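Student: Please take a close look at the charged and aromatic side chains. Keep it brisk, and give me the cut-offs as you go.

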Amino acid sequence: MKKLLNSTAKKIALCYVLYHILGIAVYFTTQSYFFLVWNLFLSIVPLFFARLLERSLGKRHWSIICVLSLFWLLFYPNAPYMVTDLMHLRWLRFDSADTVQNILSWIRLLYLALGVLLGGLAGNLSLYKVHRLLSLHWGRWKARFCLAVIFLLSGYAIYIGRFLRLNSWDIV
C-alpha cells in the first residue's frame, strides 16, 4: 500500500508540473486564471508535509513531528479551498456569437476544473496519509475524532480565506 501511495504522489507531482505548463499557455492565451497556479501550489504543500511526517515518525523526533503536524494543519485547508474557485465559472460565457470567445471559455473551464480536481486529489492524499498515521499511533476512534476537528477547522479556514481574504502564508 505504501508503494502505491508513493506512486500516486509521484503521478500527482507530474500532473502538477504539466498543469503549470498548461497554466502558462492558458494565461498567455486567455489573460486569466493565473491565480490557480498559486492556489494549486498551496494545495500541494500539505502533501509535502504529510510525506515528511511519515518519515519523521520512524525516527520519533516528537518536536519535529509537532511542528510538521502544525504546518500540515495550517496548509491543508488550501486543498478543499480550491473548490470555492469554481465560483469563477459564473463569468464564463458560452452563448457568445464569437466562436473564439466560446473556445476561450471552454479552455478556461477545462483549466479551472483540472486545477480543482488536482488540488482535491493532493489534499485527499495528504489527508489519507495523516489519517493513516493517526490511526496507527492513536487508534481508529481517536483518529476519526481528529478528522472531525480537522474538517471543522478547515471549514473555518476556508471561510477566512474566501471572505476575509486571509491566507496560510500570511501566518507564516
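Tutor: Start with the charges. The protein carries 18 positive and 5 negative ones, and their mean positions lie 20 Å apart. Lys and Arg are counted as positive, Asp and Glu as negative, while His and the chain ends are left out. Each charge is placed at NZ of Lys, CZ of Arg, CG of Asp or CD of Glu. The model is predicted, so local features need pLDDT of at least 70 and side-chain atom pairs pLDDT 80 or more, whereas totals for chains, interfaces and linings use all residues. Residues are numbered from 1 along each chain as its sequence is written, and side-chain values use heavy atoms, without hydrogens or water.

Arg 144 lies over the face of Trp 141, at 4.9 Å from the ring centre (the rule: NZ of Lys or CZ of Arg within 6 Å of the centre and within 35 degrees of the ring normal).

Now ring against ring. The protein has eight aromatic pairs. In Trp 72 and Tyr 76 the ring centres are 4.9 Å apart and the planes meet at 20 degrees, so this pair is stacked. Pairing takes Phe, Tyr and Trp (its six-membered ring) with centres within 6.5 Å; planes under 30 degrees apart are stacked, over 60 edge-to-face, the rest tilted. Both Trp 72 and Tyr 76 are buried (under 20% relative accessible area; exposed is over 50%, partly exposed in between, with a 1.4 Å probe and protein chains only). Phe 48, Phe 49, Phe 71 and Phe 75 make up one aromatic cluster.

What holds these side chains? The fold has seven helices and zero strands (DSSP runs, H or I of at least four residues for helices, E of at least two for strands, numbered from the N terminus). Of the 172 residues, 41% are buried. The C-alpha trace spans about 60 × 35 × 30 Å along its principal axes.

Leu 89 is 20 residues from Leu 109 along the chain, yet their C-alpha atoms are separated by 7.0 Å. Leu 109 is partly exposed, at 24% relative accessible area.

Last, another arginine. Arg 165 sits in the loop between α6 (140-163) and α7 (168-171). Its phi is near 60 degrees, a positive value in a residue other than glycine.
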